[in-house]
Amino acid sequence: MQNLEQVRARNALEFSREPLPGQQGGDVIKNIPHQIMNHGLLAVAAFGFAPNQQSVGKTFDAIAKHLADPSIGLLPPDKTDRHGLMQFLTDKATTSEALKLATAEAMAWLAYAKRFVKKA
């Protein structure tokens, strides 16, 4: 069985294999943790739906995939993109505790991702 650090690193490394699109590319991932701390996970994830924010959107697809990883289990296994992430975390049945856990885990994953992801 792997520990959380191994799972985070594995998923971040997998995400880093393809360069992020857009003018800022991989540089955008360095700003996401600060934005989450200032505005919250849901607000920053919503920003990733804008057509000119492809890098943010792809990053939140990867965050959702990580949170849905069976070793993490904070999202249902079928919620592996930003749409599923938002759908689950805004559902009336989802508690604020679930949002807090998802936010903390997303931040931990981002600590790895920002080291692996390079500008295209």
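Predicted model: local features only at pLDDT ≥ 70, side-chain atom pairs only at ≥ 80, totals over all residues.

Colleague: Where is Asp-61 found, and what does Asp-61 touch?

Modeller: Asp-61 is found in helix H4. Not counting residues up to four places away in sequence, Asp-61 touches Thr-80, Asp-81 and Arg-82. Asp-61 and Thr-80 are 19 residues apart in sequence, yet their C-alpha atoms are 6.6 Å apart in space.

Colleague: What makes H4 largely enclosed by the rest of the structure?

Modeller: Of the 15 residues of H4, 11 are buried, so the helix is largely enclosed by the rest of the structure. Among the buried residues are Val-56, Phe-60, Ile-63 and Leu-67. The buried residues of H4 pack against helices H1, H2, H3, H5 and H6.

Colleague: How do you know that the span of H4 is close to the expected one?

Modeller: Helix H4 covers residues 54–68 and reaches 21 Å from its first C-alpha to its last, against an expected 21 Å at 1.5 Å a residue. H6 has 21 residues and reaches 30 Å, close to the 30 Å expected for that helix. Buried residues of H6 include Ala-102, Glu-105 and Trp-109, and what covers the buried residues of H6 includes H1, H2, H3, H4 and H5.

Colleague: Which residues have the most contacts inside the largest nonpolar core?

Modeller: They are Phe-15, Phe-60, Leu-85 and Trp-109, in a core of 29 residues. H1, H2, H3, H4, H5 and H6 each supply at least two residues of this core, and H4 gives the most, with seven residues. Leaving aside neighbours within four places in sequence, Leu-85 is in contact with residues including Ala-45, Phe-60, Ala-64 and Leu-67.

Colleague: Why is Asn-11 called buried?

Modeller: The cut-off for buried is under 20%. Asn-11 has a relative accessible area of 13%, so the residue is buried. Asn-11 is found in helix H1. Leaving aside neighbours within four places in sequence, Asn-11 is in contact with His-66, Asp-69 and Trp-109.

Colleague: What makes the pair Asn-11 and His-66 a polar contact?

Modeller: The distance must be within 3.5 Å, between N or O atoms able to donate and accept a hydrogen. The contact that joins the side chains of Asn-11 and His-66 is 2.8 Å, so the distance meets that limit.

Colleague: How do you know that Arg-8 is buried?

Modeller: Arg-8 has a relative accessible area of 10%, which is under 20%, so Arg-8 is buried. Arg-8 lies in helix H1. Leaving aside neighbours within four places in sequence, Arg-8 is in contact with His-66, Glu-105, Ala-108, Trp-109 and Tyr-112.

Colleague: What is the volume of the largest pocket, and which residues are the closest to its centre?

Modeller: The largest pocket has a volume of about 330 Å³. Of the 13 residues that line this pocket, Glu-14, Phe-15, Lys-58, Ala-62 and Lys-65 are the closest to its centre. H1 and H4 are the elements that give two or more residues to the lining, and the largest share, five residues, comes from H4.

Definitions and conventions
Residues numbered from 1 in each chain as written. Heavy atoms only, no water. Helix = DSSP H or I, 4+ residues; strand = E, 2+ residues; numbered from the N terminus. Expected span 1.5 Å × (residues − 1). Buried < 20%, exposed > 50% of the residue type's maximum accessible area, 1.4 Å probe, protein only. Contact = heavy atoms within 4.5 Å. Core = buried A, V, L, I, M, F, W, Y, C linked by side-chain atoms within 4.5 Å. 1 Å grid on protein atoms, 1.4 Å probe; cavity = no way out; pocket = protein on both sides within 12 Å on 5 of 7 lines; lining within 4 Å. Points joined across faces, edges and corners; volume = space filled by probe spheres on them.
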